[in-house]
Amino acid sequence: MEQFVCNECGKMHEVTATLWKCTCGGVLDIVKETPKVDPASWNQYPNSLWRYVATMPFEQGSDTWKSVTMGEGQSPLILLDAEAPNTYVKVDYMMPTLSFKDRGAAVLMAKAKELGAAKVIADSSGNAGTAIAAYAARCGIPCDIYLSDTTSPKKIAQVEAHGATIKEIHGSREDVAAAAQQAVAAENVFYASHVYNPYFYEGTKTYAYEIYEQLAETPDALIVPVGNGTLLLGAYYGFQELLANRLIERMPKIIAVQAENCAPLATAYRNGQQKAEAVANKGTLAEGIAIAAPARSKQILEAVRGTGGTFIEISEKEILTARQLLADKGFYVEVTSAINYAGYLAYRSAAEEKIVLPLCGAGIKSE
Ligand SMILES: Cc1ncc(COP(=O)(O)O)c(C=O)c1O
Ligand SMILES: [Zn+2]
């Protein structure tokens with residue numbers, strides 16, 4: 001069985017169903033050898049992100065995922081439009097719960113089931129909550145989801161539909177997380193956190209594996225929205241594993257996009273800091289990435305800097321314009337996801353650069 005290591009102090013921990021952070025408060029990573037990546041083995045699996053299960057830290061021969069999967073992953077990678085022949089969108093809103101969070105939630109809940117979790121608790125700005133609630137239902141594991149009372153009603157309805165117990169908190173996103181963490185401690189249950197639980201990133205890393213297969217070459221740049229960094233870090237880890245296996249020769253640059261009104265990571269990047277300091281969230285339409293104090297800021301900044309990438313900050317007006325421009329091309333995304341396209345428009349690159357941007361969440365989620 002693999003172990004956890006603290007990203008802050010280096011302390012090792014046994015993996016249990018209830019451990020989610022170090023005694024020093026640091027975030028945990030999974031200790032594992034770089035997985036052997038064998039593309040020749042992938043076709044024996046159904047067409048989903050489980051093609052890559054052999055690279056994930058499950059017990060040898062474990063097939064828990066077979067009863068958990070809803071066919072998530074293998075989202076289309078298509079040209080944005082004929083006028084931009086090197087720009088691709090990865091349509092991750094075509095997932096069972098209509099956002100990319102299914103990647104992490106499916107893998108995390110399969111792990112929760114393998115570890116024998118009797119109940120899970122999660123907190124979310126909306127999409128991770130809907131994904132965890134859906135896969136918890138799939139696993140038959142009771143689930144409480146902590147949400148702010150300002151969460152989009154569509155997302156609340158989606159969580160409710162899966163039979164999860166909703167805990168509405170009046171307060172900031174950080175207050176919501178604190179309430180969930182208190183409950184996890186009081187009830188001694190599995191914290192299905194997309195932020196803290198490192199198994200979530202074993203799911204989001206499949207974003208990179210899929211691009212590798214679909215594009216058949218390494219993109220020059222990935223435009224990635226970032227709040228807590230679950231897609232950003234997953235994409236980074238996935239491409240790192242492909243690089244370590246010599247399947248690709250270089251890392252794509254990670255171009256991270258934040259809302260101007262809540263941009264702790266972009267600020268830290270600009271100031272040359274190793275970690276982000278908490279900012280005051282001035283309020284942004286990009287509710288999914290309005291994270292004032294991202295717990296994995298050190299890792300996110302390292303990933304962006306390590307790939308020669310950068311941060312881009314986007315105004316509220318640009319978000320709305322971008323949403324309409326995408327709809328004009330036929331793509332209806334939720335407001336948070338429009339920031340990715342605004343980031344792409346703001347990122348001035350050479351025309352021949354191959355760029356991939358994700359369409360993370362479906363438009364009907366934010367009406
Ligand atoms: C639509 C959408 N895009 C992007 C993100 C950003 O993900 P993260 O906070 O993991 O960086 C989220 C997170 O909830 C989201 O819902
Ligand atoms: Zn520690």
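Which residues is Ile132 in contact with, leaving aside its neighbours within four places in sequence? This tour of a predicted model opens with that selection; local features need pLDDT of at least 70 and side-chain atom pairs count only at pLDDT 80 or more, whereas totals for chains, interfaces and linings use all residues. Residues are numbered from 1 along each chain as its sequence is written, chains are lettered from A and ligands numbered from 1 in the order in which they are written, and side-chain values use heavy atoms, with hydrogens and water left out.

**Stop 1: Ile132 and the nonpolar cores**

Select Ile132. Leaving aside its neighbours within four places in sequence, Ile132 is in contact with Ala105, Leu108, Met109, Val120, Ala122, Cys143, Ile145, Ala192 and Phe200; contact means heavy atoms within 4.5 Å. Ile132 belongs to the largest nonpolar core, which has 81 residues. The members that touch the most others are Trp50, Met109, Val120, Ile132, Ile145, Leu232 and Phe311. Apart from this core lies another, of 30 residues, including Ala221, Val257, Ile339 and Ala342. A nonpolar core is a set of buried Ala, Val, Leu, Ile, Met, Phe, Trp, Tyr and Cys residues joined through side-chain atoms within 4.5 Å. Buried means under 20% relative accessible area, exposed over 50%, and partly exposed in between, with a 1.4 Å probe and protein chains only.

**Stop 2: Asp102**

Move to Asp102, which is placed in helix H2 (residues 101-114). Helices (H or I, at least four residues) and strands (E, at least two) are DSSP runs, numbered from the N terminus. Asp102 has a relative accessible area of 0% and is therefore buried. Show Glu72, Met95, Pro96, Thr97, Ala131 and Tyr135, the residues in contact with Asp102 once neighbours within four places in sequence are left aside. For a distance across the model, pick the C-alpha atoms of Asp102 and Ile166: they are 64 residues apart along the chain and separated by 19 Å.

**Stop 3: Gly26**

Select Gly26, in the loop between strand E2 (12-14) and strand E3 (28-31). Is Gly26 buried or exposed? Gly26 counts as buried, because its relative accessibility is 3%. Cys6, Glu8 and Lys21 are the residues that Gly26 touches, not counting those up to four places away in sequence. The C-alpha atoms of Gly26 and Cys6 are separated by 5.8 Å, with the two residues 20 apart along the chain.

**Stop 4: the six-stranded sheet**

Display the strands E4-E5-E13-E10-E11-E12, which form an open sheet in that order with mixed pairing. Strand E4 (77-79) and strand E12 (310-314) stand at the edges, and each has a single partner strand, so one side of each is left without a neighbour in the sheet. On average, neighbouring strands are turned by 25 degrees against each other, direction ignored.

Two strands pair if DSSP finds at least two bridges between them. E4 and strand E5 (residues 87-90) pair in the antiparallel sense over three bridges. Within this pairing, Leu77 has Lys90 as its bridge partner in E5, and Leu79 has Tyr88. E5 also pairs with E13, in the parallel sense and over four bridges; here Pro358 in E13 is the bridge partner of Lys90.

In a regular strand the side chains alternate between the two faces of the sheet. E5 is covered on both faces: Thr87 and Val89 on one side, and Tyr88 and Lys90 on the other, are all buried.

**Stop 5: Lys354**

Select Lys354, in the loop between helix H12 (335-346) and strand E13 (355-358). Lys354 is buried, with a relative accessible area of 15%. Neighbours within four places in sequence aside, its contacts are Asn86, Tyr88, Leu215, Glu217, Pro219, Asp220 and Ala221.

**Stop 6: two helix pairs**

Show helix H11 (residues 316-328) with H12; their axes come within 7 Å and cross at roughly 90 degrees. Axes are lines fitted to C-alpha atoms, for helices over the stretch in contact, and angles run from 0 to 180 degrees between N-to-C directions. H11 is therefore roughly perpendicular to H12. Angles under 35 degrees count as roughly parallel, over 145 as roughly antiparallel, 65 to 115 as roughly perpendicular and the rest as oblique. On the H11 side, select Glu318, Ile319, Ala322, Arg323, Leu325 and Leu326; on the H12 side, Val335, Ala338, Ile339, Tyr341, Ala342 and Leu345.

Finish with helix H7 (residues 206-215) and helix H8 (residues 230-244), whose axes come within 6 Å and cross at roughly 55 degrees. H7 is therefore oblique to H8.
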